[in-house]
Amino acid sequence: MDTNRELKRYDIKPIRELTQDEKEYIATETIKKIESMIVEFDGNNMYEHIINSKMFLAKIPDKYTDVNYIISMNAIYIKNEMAMRNIDEIMLHEIFHYIQCNEKNSFEERMPEQMGLCKFDYYKIKGLAINEVAIQLIISIVFQNRKENTNYFGISVKAIYNKSFPILCALFQQITYILGYNDLLKSILENTDDFEEAFEEFAGEKSYIFLRNSFDKMMQARDFIAQERMILKKSPNHKKKRLIEKKIEIYTKEIQNHFLAVQRLCYKEYFKKLFKKVKNEEDLTKLQEEIDKYHEHIGKVNNIDEFYIYIQKQIKKINRKLK
């Protein structure tokens, strides 16, 4: 590929490459931010990638963000020194993608086999959604984004704030509540299958394929809804409007169904093991405390709390055994 032509296409004009001191500053500050929120994080791998990366100050058109990783150039372009000094969410997101493209891959192979949780099989991409959501969730946690009650696609949940994937991040946070961040971060930053294997150990052999496909389908349905809403704004035809609204209803229902299916899988597998440990009233009290903590992550459709209904049935069974 003609790399100069690629830069012209984006209208990005490099000014100078960052000095080693500047890259070391970015590496150190980035790792400090992550370590302050995720104690099990080991930043050595990330540090090496950042200090050995190609980073440029550049003139970047206003239509783009202040920091951009261009895969064909294998380089990160930063709009100004203020953006370089301010390690924000956009900077961290682009660094994650840079590392994923360079970890265990010869960059001469323009399409790596794996980028974090995303895998490329010939011309088929698997796990694009779950990879993006996992990165966004980690970034939202690192920057201590607040949690807020929200409702998207008819799903109400207390979600960690982010502009891109609030509902999917909320769902993924249930998984990290159960499994933690260690395997996830390793998979994202080293292109390993540690997270996949951890989820399969937790929920069964085929569970990860179900999880990955569900996230891909939810992301695809979300994008279809966005497209249909754009068409809806421009359509003066009443019959066509109703047809578009019907499509949006179908896609919305698809998101709801996949969300509930993943959520159901997670809490049933998690609490199934905890129910078995209850031998007395003290154990039951501890279990109730854990139920209350987990309940904070639960999403509801049409204000129906499936989790609460499931838990109450199981608690009744336990109480009968303890009598």
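1. In this predicted model, three strands make up an open sheet whose order is β8-β9-β10, with antiparallel pairing. At its edges stand β8 (147-152) and β10 (300-301), each of which pairs on one side only.

2. The pairing of β8 with β9 can be followed residue by residue. Strand β9 covers residues 155-160, runs antiparallel to β8, and is joined to β8 by six bridges. As an example, E148 has A159 in β9 as its bridge partner.

3. A helix accompanies this sheet. Helix α7, formed by residues 166-179, packs on the sheet and touches both β8 and β9. The direction of α7 makes about 75 degrees with that of β9.

4. A further open sheet consists of four strands in the order β1-β2-β4-β3, and its pairing is mixed. Which strands stand at the edges of this sheet? They are β1 (13-17) and β3 (67-70); each has a single partner strand, so one side of each is left without a neighbour in the sheet. On average, and with direction ignored, neighbouring strands of this sheet are turned by 35 degrees against each other.

5. Four bridges join β3 to β4 (residues 75-78), and the two strands run antiparallel. Within this pairing, the bridge partner of V67 is I78 in β4.

6. Helix α5, which spans residues 89-102, lies across β2 (55-59), β3 and β4. Relative to β3, helix α5 runs at about 15 degrees.

Terms used:
Residues are numbered from 1 along each chain as its sequence is written. This is a predicted model: local features need pLDDT of at least 70, side-chain atom pairs count only at pLDDT 80 or more; totals for chains, interfaces and linings use all residues. Side-chain values use heavy atoms; hydrogens and water are left out. Two strands pair if DSSP finds at least two bridges between them. Contact means heavy atoms within 4.5 Å. Axes are lines fitted to C-alpha atoms, for helices over the stretch in contact, and angles run from 0 to 180 degrees between N-to-C directions.
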